[in-house]
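Subject: Structure for you to look at

Hello,

Here is the structure I said I would pass on. Please open it first, then read the notes below with it on screen.

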Amino acid sequence: MKGFVHDLRYAMRQLRRSSGFTAIAVLTLMSGIGANTAIFSVVNAVLLKPLPYKDSSRLVVVWQQNPHRGWFENEVSGANFLDWQKQNHVFTGMAAFESLFLNLTGHSPPQEIAGERVSANFFSLLGIKPLRGRLFLPEEESQDRAAAIVSYSLWQQHYGGDPALVGRQIFLNGKSYPLIGILPPGISDDYLGIEAQQSQVWISGIEPFAEGREFHEYHAIARLRPDVTLTQAQAEMNTMAARIEQQYPESRGWGVALVRMHDQVVEYFRPALLLLLGAVGTVLLIACANVANLLLVRGASRRKEFAIRTAVGACRWQIIRQLLVESLLLSLAGGAMGLGFGAWGSQILVRLSPTAQQTTAGAISTPLGLNGLVLLFTFMVAVATAIVFGLAPAMSASKPHLNHALNESGRSFSASLQRRNLRSALVICEFALALSLLLSAALMIKALAHLHRTAIGFNPNNVLSVKIPLEGSQYQDPGRQIEFFRQFLNRIEALPGVESATVSRGVPMNGWAGWNFVTADNSHPAAGDVPDANYVVVAPHYFRTLQVPLRKGRIFTESDSKAAEPVAIVSESLALRYWPGQDPIGKRLKVSSDAKDKTQPWLTVVGVAGNVRTQGQYAPFIPEIYVPYTQYPWVLSPRNVLVRSRGDPLALVPAIQREVAALDKDVPVSALATMDEIVSGPVQQGRTIMWLLGGFAALALLLAAVGIYSVISYAVSQRTHEIGVRIALGADRDAITGLVLRHGISLSLLGVAAGWLGALGIARLFAALPFQIRWLLLFDVRPADPLMFACVSAVLATVAVLACFIPARRAARVDPIRALRYE
Amino acid sequence: MTDLGQSLIEIEDLTKVFYTDEVETHALSGVHLGIRKGEYVAISGPSGCGKSTLLSILGLLDTPTGGKYLLNGEPVESLDFAARSRIRNREIGFIFQSFNLIGDLTVYENVELPLTYRQRMPSAERKKRVMESLERVSMAHRVRHYPSQLSGGQQQRVAVARALAGHPSILLADEPTGNLDSHNGEAVMELLRDLHREGATICMVTHDPRFVKQAEREIHLFDGKVVAEEELRKLMQETQA
Ligand SMILES: Nc1ncnc2c1ncn2[C@@H]1O[C@H](COP(=O)(O)OP(=O)(O)O)[C@@H](O)[C@H]1O
Ligand SMILES: [Mg+2]
């Protein structure tokens, strides 16, 4: 211990004395460790953090899936849910819920909040206890007994923490509910993963469930029995699904998928975070190689010191320990600075979430503070780092060369050769690692470029999207809603700076609703093969506002009223699929899975619109059916208003709020967003990864450049004499510059060659990822792209040349007289 | 070899001043010197009198502060670095006291080195020259060795081979025996004498009187000036006194 304290004191003195070296080493380590801290703090907050529910590892999300149609995590039908609930033996409980938006009134101003309608056992299934009041009772499951529970944050923010809130009535969508409980802080709708909306209120009354097994409207969660594994549960659900499939033809092709709730919550983030973790690990390795290189050089210059220590009786281990203590000090200093850097960097990572712009949603909203685990992680990384970069130089420096070192003139050829080879190997590794990182970043950049080039089918610039929820008894009559929007859209379009405005159910890239339909030409498709389309309810100016081109026929007009013939506009993809080679105008279809369905009229196709990327840039075009809101006002929910402006669309917000208030002061305006923001939502994660990977790759490149610079610089300083000889023999400046550059380039090319192996491995790894994950990370980019390999290699080689150019010029200016004199 | 030989080097009123830390060192002050083709000249004088400086200037490693330098009748004192490199490579063969072989290169590669700085020399020709030079110094059997695997005398012979490989007009040797024991030293001197007999022009710095006598002509330097032998002796006595 005393020896250690002594080592520590000596190490401090050593590091303080060579402050330039210390500064460079600490900065290098700071960047490497800091990047790791930043990514790890997100990994910790997202991947490692347990869900805030009791025994959460037993919670599963229950989905229906139709692999045949390419739907994997689909909402479930109410009838199926009730069957499962009754028949299963694998769950201690199952609960259903549906997400809603609710107008909270009774306090001014009116406010739209996210909420859920849930089974009465919902919270007890999750194992949540109320902070105040109680949870739902079984009899509150039915609609006429519905009650409400609010979140802690709503209680605090909206009701000012009123202690007498429980027992009062709460007005949601114009209806009053008894408020029976308040949840503890930190409880929201994390169980929805990236679809979390930060729910503030939960209401019971989910009974009666919507009928019809073809309507998939509910989310379902369940708790596994303690003696049942996920596989066993899945097997039983498969059996049940098969039985339901046989019994009910409309359920043909529908199976059940169980996903652990924790996996569900993190599935979107996990691949990205693991990718980034790999990237920062690589950066740290490069940083280690750099510092190891510095230490090797330093070790060479301190050989005399070690020889003296050995001469006075130090054993090799004591010298190694001394050097490792110095490494540890450097690493801890780098780690401490890295913590600050990491805390700052992790804030940027919040943008990984696609919904981060609209709400600070879901898992990522958990505070990214530097908690104990992150501190421990950073400390461990720093210690491991010190050993990784410190051990080899310490071993090398402590090798006994007693005689040689003491009579300074003797040059121990083989030992210096060994050290030189070690230094070269380190630089080669740095370049290999940098290549892998650079390649990954380049692939991401290419993927993003492809995503941006993807035609989305409409023009999102200068379009504002808001929600105007009309709820409550005065809007029960759909005619009132039509009237409201007719007046409202007229007022908005009359505003200066507005080009056009529309209301719609369905905004591209912001939710869609798949509905079954049949065509008059094929009115009885086999059950399970009923076509479906995104069902969009729009006002006449929808196409003009989004600039969706009309390919054929006409757009809707004011005369497409309730009394007129029911009409529809279909997308090109729908027309092509169901009426190939025919004129779709005049064709008829019915939005139902049954042609005999009397509740739904036949719609006549009056127009064909261009395809729109409704489900985001990653998804293909899906068929769409547009109907006029004047004929289907009751389907108009959510009620999105889109406004195309001549200038900044956000400038219109106050005017829009004014016009809404003028028509009905109890109607809120919510979900303000520009269409540009909505369109960038799906690519937000990709963009963040691209920037981060790009940043890490740039850092890696910088470190590799510094690495090769320092190695070549040192080599030049060691070779001054040789260069003098060469000049004496007639080498001109170009020959000397070339000599040094060749050295650097050959090192970097060896690194690039080694990197190709690593890069091939990475390409393999990407190729082996499950399709969905690969698609999310790389879109349609092929991971093994020879051109990309070549470009990245060229970038590295160029950087190497630039980094070596300074020492090369220095070598060319060596004064031969002086170089030859000192020998 | 004879007085009829053409003039190879002519320097007139050559001066060299080193400026370091506000100290001026007049290493050479007004040196006149001519060397004809085929001559064997020895330069001697006490340590620090400017012998190495003079040789560096003769070899175009350094530039004079003043004076004239004609090599093969051409003025060379104000050529640029590249031109001087070319002349060094073609006209000058250096032999150093500490051999100055490059440790990373084999014997063969060391000898080949000056030829690699020449453009457009066919590799067959290069190989022929390297082997000829190595045979000339009886080191052809050591081509694959590294300098560290050779004795000092062997290393100096390789260095002589390297100086010969480029077929220079003049060999400049700065105390070639200074790092050798007397046996090896004599062997190297014998080699130089043989080369001279075969027609080589040599200018050698030495302060070993045995070897000075081997040269045809002796030039004495004292304090940066050429002096006659008797004068040198007198000056030396004065300094010691
Ligand atoms: N590069 C230099 N800078 C400063 N002084 C030098 C330099 N080279 C030589 N000198 C000085 O010039 C003088 C002559 O040196 P040198 O030619 O090496 O002498 P010699 O070879 O005769 O021993 C000495 O006083 C030496 O210190
Ligand atoms: Mg000298």
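Please keep in mind that this is a predicted model.

I start with chain B. One of its sheets is open and has 4 strands in the order 2-1-4-5, with antiparallel pairing. Its edges are strand 2 (23-36) and strand 5 (74-75) of chain B; each has a single partner strand, so one side of each is left without a neighbour in the sheet. Strand 5 of chain B is joined to strand 4 (residues 66-71) of chain B by 2 bridges, and these strands run antiparallel. If you want to find this pairing on screen, look for B:Leu71, whose bridge partner in strand 5 of chain B is B:Glu74.

Chain B also has an open sheet of 6 strands, in the order 6-7-8-3-9-10 and with mixed pairing. Strand 6 (92-95) and strand 10 (225-227) of chain B are the edge strands here, as each pairs on one side only. On average, neighbouring strands of this sheet are turned by 25 degrees against each other, direction ignored. Within the sheet, strand 3 (residues 40-44) and strand 9 (residues 217-222) of chain B run parallel and are joined by 4 bridges. B:Ala42 has B:Glu218 in strand 9 of chain B as its bridge partner. Helix 8 (residues 229-240) of chain B packs on the sheet, where it touches strand 9 and strand 10 of chain B. The direction of helix 8 of chain B makes about 30 degrees with that of strand 9 of chain B.

Now to chain A, with some overall values:

- Its secondary structure comes to 24 helices and 24 strands.
- Its C-alpha atoms fill a box of roughly 105 × 60 × 55 Å along the principal axes.
- Of its 823 residues, 55% count as buried.
- Of its contacts with a separation of 6 or more, 81% are between residues 24 or more positions apart.
- Its accessible surface is about 34,600 Å², and carbon and sulfur atoms account for 59% of that.
- It has 74 positive and 59 negative side chains, with the centres of the two sets 14 Å apart.

Which strand of chain A is largely enclosed by the rest of the structure? It is strand 12 (residues 255-260) of chain A, because 5 of its 6 residues are buried. Strand 12 of chain A runs antiparallel to strand 1 (residues 59-66) of chain A, with 6 bridges between them. One pair to look for is A:Trp63 with its bridge partner A:Ala257.

Strand 8 of chain A is joined by 2 bridges to strand 4 (residues 91-105) of chain A, and the two run antiparallel. There, A:Leu104 has A:Leu172 as its bridge partner. Strand 8 of chain A also pairs with strand 9 of chain A in the antiparallel sense, over 4 bridges, and A:Gln169 has A:Pro178 as its bridge partner. The hairpin of these strands has 2 residues between them, and A:Asn173 takes a positive phi near 50 degrees in it.

The last item is A:Glu195, in the loop between strand 9 (175-182) and strand 10 (201-203) of chain A. A:Glu195 counts as partly exposed because its relative accessibility is 47%. From A:Gly161, A:Glu195 is 34 residues away in sequence and 28 Å away in space, C-alpha to C-alpha.

Regards

Notes: Residues are numbered from 1 along each chain as its sequence is written. Chains are lettered from A and ligands numbered from 1 in the order in which they are written. This is a predicted model: local features need pLDDT of at least 70, side-chain atom pairs count only at pLDDT 80 or more; totals for chains, interfaces and linings use all residues. Side-chain values use heavy atoms; hydrogens and water are left out. Buried means under 20% relative accessible area, exposed over 50%, partly exposed in between (1.4 Å probe, protein chains only). Contact means heavy atoms within 4.5 Å. Accessible areas come from the Shrake-Rupley method with a 1.4 Å probe; for residues, only the protein chains shown count as cover. Lys and Arg count as positive and Asp and Glu as negative; His and the chain ends are not counted. The place of a charge is taken as NZ of Lys, CZ of Arg, CG of Asp or CD of Glu. Two strands pair if DSSP finds at least two bridges between them. Axes are lines fitted to C-alpha atoms, for helices over the stretch in contact, and angles run from 0 to 180 degrees between N-to-C directions.
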